[in-house]
Amino acid sequence: MHDVSFDVAAGELFGLLGPNGAGKTTTHRMLTTTLAPTTGTMRVAGFDVVAEARRVRDLIGVVFQEPALDDRLTAHENLHLHAVLYGLRPRFVGPRVQEALEWAGLNEHAGRPVRTFSGGMKRRLELARALLHEPRVLFLDEPTAGLDPQGRRRLWDQIGALRRVGLTAFVTTHNMPEAESCDRVAIIDTGRLLVTGSPAELKRRIAGRANTTLEDVFLDLTGRALRDEEATPRDRLLGFGRRGGELTR
Amino acid sequence: MIVSQQAAAPAAPLDFRRAPAPRLDLRVVAAMWRRELLRYRRDRSQWFGGVSRAVLWLIILGYGIGASYTNIEGFTYTQYILPGVAALNVIFASMQSAIALVWDREVGLMREIFVSPAPMPSVTLGKVLGGATVAVSQGTIVLLFAPLAGVALSAAQVLAAWAVMFAMGVLLVSIGTVIASRMATFEGFGAISNGIVLPMYFLSGAVFPIRGIVGLGGFLVELPVWLKVLMFINPVTYPVDLLRGALLSFRQLPLGLDLGLTAALPLVAVAAAVAAMNRLSVR
């Protein structure tokens, strides 16, 4: 990543867009404190992601590209563990977990191991979990990948509702129709920031007309060449898991 | 880059959450411990593996080889390897629990734990203690076969065996965590099984005595020096000898050496595991 600089205002829904290999997940990981930037600074909710990582972790909620749930634990057990990790006082754990289950519409499935859940159910559980500790900023990495239209709609409705109560949301995606609903977006490619602005502003500035789509703006900026990537060790691990590899559940 | 600038002032303490402890948070330790046990409870294949190893090694190999050896140091072969097979189950369970981390940290729950404010030493300690508890339970499966091997166990012996197996579990889950933290990918337990589990097992004195075997004529057939050196380097040798002391009242090494290393090595290993997990959580 080089020369990437942007600010996100409180209460904003901010989209980070880019083709495969552009650096979206790298940015997501740096902002959520699990990858240290080699140079430059990043602040989340007023705190430095390196020097004050613990404060940042305290104030953010994170939804990952692939579900970061324990498949062998039930929905209830996953949420309970999260509540303890985020230091909820014991008397609040039970009620909060219950609220989260209801919010995700998973009350009837609370006692089932997560491995029996569909992709959409897992995603709802993850979003409810990321909000259980009332984060100030929510980070979502490709949150709608693999969801059906119903699942996608519900997810965006829920994110929209959260914005109205003042939550800041930072979403990485390469789904352009979804990015249209962001307040502002940044488009990155090969680790460099190409442009930032509201979707309407970018259409005027880049395409020169308002009646176009963000997808056209995106393709104008990043070109039409296909992005082929080599499989990383992580991809190979994922493939091994999909084949039902041992010790992966 | 700045995400959500509004909160430059320190956050007001939230009433429903408390500030996380800097290092040791017992609730986090307990929650991670519980996670390992819940996972174990829902994994029948691991339980089956524990029973299967007991039958294969203790019953089939024990009786098979026992037919051609009259005794080892006054014990039948099945009796002699009983503590060793319990140790084998402990080694297997510990390594499985630790190596699952490779998967867990890339695509599993560990990513969620890394972005949480929970202190990493407590997370690691909970995982290690949980894995060790599972290992003790897997080792206990072998103890249930003791009557078949002709070994009568008292409650005190079982308690002593649990203590030794727990220390061994802590040692091995910690070593496994350090190994897992350096593995980029994982495509099968086979390499771990053949490269770590079985060497540790064979070189621990679990299946043949450290000092060699007394042959039919009463001559001691000594082990080659290189083999002995490998056995003394193996950290599992000492708890296995102590476990044999607990179950059969027979040891091959001085009690002080066994006790000292069985107690001290896990502490060193846990410290190494905590350091490895700290490195993993921020790369």
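Biologist: How many residues of strand 2 (residues 13–17) of chain A are buried?

Modeller: A quick note before I answer: this is a predicted model, in which local features need pLDDT of at least 70 and side-chain atom pairs count only at pLDDT 80 or more, while totals for chains, interfaces and linings use all residues. Residues are numbered from 1 along each chain as its sequence is written, and chains are lettered from A and ligands numbered from 1 in the order in which they are written. A residue is buried if 20 or more other C-beta atoms, placed from the backbone, lie within 10 Å of its own, exposed if 12 or fewer, and partly exposed in between; strands (E, at least two residues) and helices (H or I, at least four) are DSSP runs, numbered from the N terminus. Strand 2 of chain A is mostly covered, and its buried residues number five of five.

Biologist: Which residue of strand 7 (residues 168–173) of chain A stands opposite Gly15(A)?

Modeller: Two strands pair if DSSP finds at least two bridges between them. Strand 2 and strand 7 of chain A pair in the parallel sense over five bridges.

Biologist: Which element supplies the largest share of the side of chain A that touches chain B?

Modeller: Counting residues as in contact if their C-beta atoms, placed from the backbone, lie within 7 Å, 58 residues of chain A are in contact with 48 residues of chain B. Elements of chain A that each supply at least two residues to that side include helix 2 (53–59), helix 3 (75–85) and helix 10 (233–242). The largest share, seven residues, comes from helix 10 of chain A.

Biologist: Why is helix 5 (residues 120–143) of chain B called oblique to helix 11 (residues 255–281) of chain B?

Modeller: Their axes come within 9 Å; axes are lines fitted to C-alpha atoms over the stretch in contact, with angles from 0 to 180 degrees between N-to-C directions. Angles under 35 degrees count as roughly parallel, over 145 as roughly antiparallel, 65 to 115 as roughly perpendicular and the rest as oblique. Helix 5 of chain B is therefore oblique to helix 11 of chain B, because the axes cross at roughly 125 degrees.

Technical notes
Contact = placed C-beta atoms within 7 Å.
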